[in-house]
Amino acid sequence: MPQVPTTAGDIEAGELGVVLMHEHVFIRTETLQSGWPGFGGWDTAAELRAARDRLGRLREAGVDTILDMTVPGLGRDPALVAQAAEGTGLRIMFATGYYTYDNLPFPFQFRGPGKILDGDDHVLESLFERDLTVGIGDTGLRAAVLKVVTDEPGMTPDVERIANAVASVALRTGAPVCTHAHAPTRRGLEQQRLLAGRGVDLGRVVIGHSNESTDLDYLQQIIDNGSYLGWDRCGLQLTVPLEAQIDTLVALCERGYSGRIMLAHDKASFMDWFTNDEIGFGAPDWQYSYIPSTMLPALRERGVSQDQIDQMLIGNPRDFFSAPASAPPAAGAAG
Ligand SMILES: [Zn+2]
């Protein structure tokens, strides 16, 4: 069975256990944190302690592994995350990609296709590929997935450029793809079109933030096209009330789709976008504990079986990471 890189070393996909497929630990705006250290109340020692406590409780609630979807643009720092997880027993997987809803930073405005030397997208692709094959910086920690982000503005030229680079690297390395998709504007379908058009196997793609839609037609199309639904903002009601999110998930399970859904909260221990007081005021249920303590009991009460829950939390992540890579045959290979 394929090996998956985690903070506990490379482990077999079948050993991942209960997995939350889209979480964060520290979300920090790089330019603000380096320009004004401590921005937003950041205190390294205090936040390490707080994160270790929260991750430890998540482990005690039965979670074995989380996928940290924090990529550059969100302040990715795997060494610090690994330090926070130390001693908790929780394993963490990492991601590569770039987080933006519209533009890439300045260096990419001058390098790449159609730029000064009209090169290919080697710069972007080599960054992603190194994270997957060598490791992130000098941490020795490799990314387990590639990330595509499409929010309300859709496939802007730079977002499309990132998505194309992700597709190329996915084909070369065989790494799977997880996305951030603005569900109310059905961005997941647009992501699937681009990735499939570049030859990526949609069975190795999770379309994220799908719980921000109650549109069963949209959700069904994503599944029919072969991808998983990332039901990954549990406890957060930006566009859909929590009760309606549970109703939609129950309806999908009733249709027999528990084999195509993966769960998570998209929560961070620290986020410099909001203070924890602001989150407590605006989204009181948005906690790492929401799925184990609130959502799973609600699902069971509504007739979702333990087998279906295990499928979403254990079986699907295992199958996702152990599916055969969609890499094309090596150059010169027979046939
Ligand atoms: Zn996220």
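Buried means under 20% relative accessible area, exposed means over 50%, and partly exposed lies in between. Keep these cut-offs at hand for the exercises. The model is predicted.

**Exercise 1. Classify Arg 76 and Asp 131, then describe the contact between them.**

Solution. 
Step 1. Take Arg 76. Its relative accessible area is 18%, so Arg 76 is buried.
Step 2. Take Asp 131. At 8% relative accessibility, Asp 131 is buried as well.
Step 3. Look at the side chains. Asp 131 and Arg 76 meet in a salt bridge, 3.0 Å from N to O.
Step 4. Asp 131 belongs to helix α5, and Arg 76 to the loop between β5 and α3, so the pair ties together parts that are 55 residues apart in sequence.

**Exercise 2. How many salt bridges does a search of the whole structure find? Work through the Asp 53–Arg 57 and Arg 59–Asp 64 pairs.**

Solution. 
Step 1. The search finds 15 salt bridges.
Step 2. Start with Asp 53 and Arg 57. Their side chains meet at 2.8 Å, N to O.
Step 3. Check accessibility. Asp 53 has 44%, so it is partly exposed. Arg 57 has 47%, so it is partly exposed too.
Step 4. Go on to Arg 59 and Asp 64. The closest N and O atoms of this salt bridge are 3.5 Å apart.
Step 5. Classify these partners. Arg 59, at 28%, counts as partly exposed. Asp 64, at 19%, counts as buried.

**Exercise 3. Is strand β6 enclosed or open, and why?**

Solution. 
Step 1. Find the strand. β6 covers residues 91–96.
Step 2. Recall a rule. In a regular strand, side chains alternate between the two faces of the sheet.
Step 3. Sort the residues by face. Arg 91, Met 93 and Ala 95 are on one side, and Ile 92, Phe 94 and Thr 96 are on the other.
Step 4. Check each side. Both faces are covered, with all of these residues buried.
Step 5. Zoom in on Ala 95. Its relative accessible area is 0%, so Ala 95 is buried.
Step 6. Conclude. Six of the six residues are buried, so β6 is largely enclosed by the rest of the structure.

**Exercise 4. Which strands pair with β6, and in what sense?**

Solution. 
Step 1. Start with β5, residues 65–68. Four bridges join β5 to β6, and the two run parallel.
Step 2. Find a facing pair. Asp 68 stands opposite Phe 94 in β6.
Step 3. Follow the chain. β5, helix α3 (residues 78–85) and β6 make a right-handed β-α-β unit.
Step 4. Turn to β7, residues 143–150. This strand and β6 are also parallel, with three bridges. Here Ala 95 stands opposite Val 145 in β7.
Step 5. The C-alpha atoms of Ala 95 and Leu 67 are 7.6 Å apart, with the residues 28 apart along the chain.
Step 6. Compare with β1 (residues 3–6) and β2 (residues 9–12). They pair in the antiparallel sense over four bridges. They form a hairpin with two residues between them. Gln 3 stands opposite Glu 12 in β2.

**Exercise 5. Which protein residues are donors of the zinc ion?**

Solution. 
Step 1. List the donors. They are His 22 (NE2), His 24 (NE2) and Asp 266 (OD), lying 2.1 Å from the ion.
Step 2. Write the spacing. In sequence it reads H-x1-H-x241-D.
Step 3. His 22 is in strand β3 (residues 19–23), and Asp 266 is in the loop between β11 (261–263) and β12 (270–271). The pair links distant parts of the chain, 244 residues apart.
Step 4. Check burial. His 22 and Asp 266 are both buried.

**Exercise 6. Are Trp 42 and Leu 117 buried or exposed?**

Solution. 
Step 1. Trp 42 sits in the loop between α1 (30–35) and α2 (44–60). At 10% relative accessibility, Trp 42 is buried.
Step 2. Leu 117 sits in the loop between α4 (106–110) and α5 (122–133). At 79%, Leu 117 is exposed.
Step 3. Find the surroundings of Leu 117. Together with Phe 106, Phe 110 and Ile 116, Leu 117 forms a nonpolar patch on the surface. The accessible area of the four is about 560 Å² together.

Note on methods: Residues numbered from 1 in each chain as written. Predicted model: local features only at pLDDT ≥ 70, side-chain atom pairs only at ≥ 80, totals over all residues. Heavy atoms only, no water. Buried < 20%, exposed > 50% of the residue type's maximum accessible area, 1.4 Å probe, protein only. Pairing = 2+ DSSP bridges. Right-handed = clockwise from strand over helix to strand, strands pointing away. Patch = residues over 30% accessible without salt bridge, like charges linked within 9 Å, V, L, I, M, F, W, Y side chains within 5 Å. Areas by Shrake-Rupley, 256 points an atom, 1.4 Å probe, with all protein chains shown as cover. Donors = N, O, S within 2.8 Å, 3.2 Å for Na, K, Ca; no water.
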